[in-house]
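Q: I would like to learn how to read a structure feature by feature. Where do we begin?

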Amino acid sequence: MKNSPLVSVVIVTYNHAQFILECLESVRCQTYNEIELVVSDDCSSDKTLDIVNDWVEKHSDRFAHVSVLSNNTNLGISGNYTKASIAATGIYIKHLGGDDILATTAIEDFVEFLSKNNALWCMCSLIRFFDSSDESDLLSVSCFTSKVLRKPNAKKQLTHLIANNYILTPGVFMKREILQNVGYFGDSYRTKEDYYTYIKILLQGYYLMYLPKPLVYWRRHKDAVSFSSSSEVRRNYYLEDLKIAREYRLPNVSHWNIIIRIQVFVSMLEKEILIKWPKISERKVRAIYLLSPYRVMISLYNKIGRILHTLRCS
């Protein structure tokens with residue numbers, strides 16, 4: 001690619017010693033050349049930072065620029081992402097967890113996709129894999145979400161994002177100016193850096209595009225925040241969900257949009273139940289979404305879409 005713009009790959013780490021080499025190697029092996037590497041370690045108690053420094057010493061000449069940041073105190077996911085993002089200098093930015101992996105052509109495909117579509121941010125499909133087994137599966141958007149993202153309409157995308165977070169965070173790629181314009185990830189939330197940031201981006205009128213290609217391998221393991229079995233971690237996670245609902249979701253949906261507001265209130269009720277009765281499984285609590293006309297309609301739309309897709313392919 002002629003006159004290739006610089007892409008900052010920002011890796012945030014916290015106790016990722018057993019995964020970080022695989023992550024770093026996936027960035028080094030990209031088919032795209034103009035890459036700046038920024039690694040920010042959030043006060044890990046294992047050997048993550050030592051492993052990163054040793055690896056960078058051997059491979060720094062592969063990159064246009066390398067920065068390794070180390071936090072003296074734990075900033076949380078949001079704070080760490082913000083600190084690393086501010087240090088980045090590329091035209092584009094790709095955030096990556098220290099336990100995840102990029103497909104070899106990921107950066108090249110992202111840059112080409114945004115350039116061809118004259119867009120500022122996008123997301124791709126994911127390969128979700130489990131560290132405890134050989135299982136993996138493809139994560140892509142639903143039939144309804146695909147329809148929402150087909151047209152460059154930030155307002156419509158925002159309405160449905162407020163109803164349900166459909167963005168596959170590990171697959172997001174964007175121009176760095178977007179983050180600058182919305183004030184990065186802020187420090188109001190320690191673990192939910194993504195959802196409210198995407199709401200802020202859409203509020204600014206930046207519509208999202210979808211690249212239906214799996215370019216990121218998303219690792220699920222017992223120490224991941226969104227997959228944790230710790231009751232305290234889960235409780236804090238749900239509390240931040242409720243805070244986002246009160247501060248970003250409800251204030252940005254019309255009082256007249258009853259269907260979306262009911263959906264938000266039902267999702268808040270789900271989190272309240274899980275906080276009060278932590279031993280109840282999320283799967284059982286999800287039955288309350290039968291109270292949401294929005295969720296029922298979307299489920300029906302997706303089922304019909306899958307049936308029609310099967311019939312077309314048969």
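**Reading the model**

A: With one residue and its place. S44 lies in the loop that links β2 (35-41) and α2 (48-59). Keep in mind that this is a predicted model.

Q: Is S44 buried or exposed?
A: Relative accessibility decides, and the cut-off for buried is under 20%. S44 has 17% relative accessibility, so S44 counts as buried.

Q: What does the side chain of S44 reach?
A: Look for N or O atoms within 3.5 Å. The S44 side chain comes to 2.7 Å from the backbone nitrogen of N15. The side chains of S44 and D41 are joined by a polar contact of 2.6 Å. Beyond neighbours within four places in sequence, S44 is in contact with T13, Y14 and N15.

Q: In which sense do β2 and β3 pair?
A: Follow the bridges. β2 and β3 (residues 65-70) pair in the parallel sense, over six bridges. Within this pairing, S40 stands opposite L69 in β3. The chain goes from β2 through α2 to β3, a right-handed β-α-β crossover.

Q: How many residues of β4 are buried?
A: Go along the strand residue by residue. In β4 (residues 92-97), six of six residues are buried, and the strand is mostly covered. Y92, K94 and L96 point one way, while I93, H95 and G97 point the other way; all are buried.

Q: Which strands are joined to β4 by bridges?
A: Take each partner in turn. β1 (residues 7-13) runs parallel to β4, and six bridges join them. There, V10 has H95 as its bridge partner in β4. β8 (residues 172-175) runs antiparallel to β4, with two bridges. Here Y92 stands opposite K175 in β8.

Q: What is the angle between α5 and α6?
A: Compare the axes. α5 (residues 143-150) and α6 (residues 154-163) pack at about 150°, and their axes are 9 Å apart. Angles over 145 degrees count as roughly antiparallel. Therefore α5 is roughly antiparallel to α6. At the meeting of the two helices, F144, V148 and L149 in α5 meet K156, Q157 and H160 in α6.

Q: Where is N236?
A: N236 is in helix α9 (residues 231-249). Its relative accessible area is 35%, so N236 is partly exposed. Sequence separation is another thing to check. N236 and R190 are 46 residues apart along the chain, and their C-alpha atoms are separated by 9.1 Å.

Technical notes:
Residues numbered from 1 in each chain as written. Predicted model: local features only at pLDDT ≥ 70, side-chain atom pairs only at ≥ 80, totals over all residues. Heavy atoms only, no water. Helix = DSSP H or I, 4+ residues; strand = E, 2+ residues; numbered from the N terminus. Buried < 20%, exposed > 50% of the residue type's maximum accessible area, 1.4 Å probe, protein only. Polar contact = N/O pair within 3.5 Å; in protein donor to acceptor, adjacent residues only side chain to side chain. Contact = heavy atoms within 4.5 Å. Pairing = 2+ DSSP bridges. Right-handed = clockwise from strand over helix to strand, strands pointing away. Axes fitted to C-alpha atoms, helices over the stretch in contact; angles between N-to-C directions. Parallel < 35°, antiparallel > 145°, perpendicular 65-115°, else oblique.
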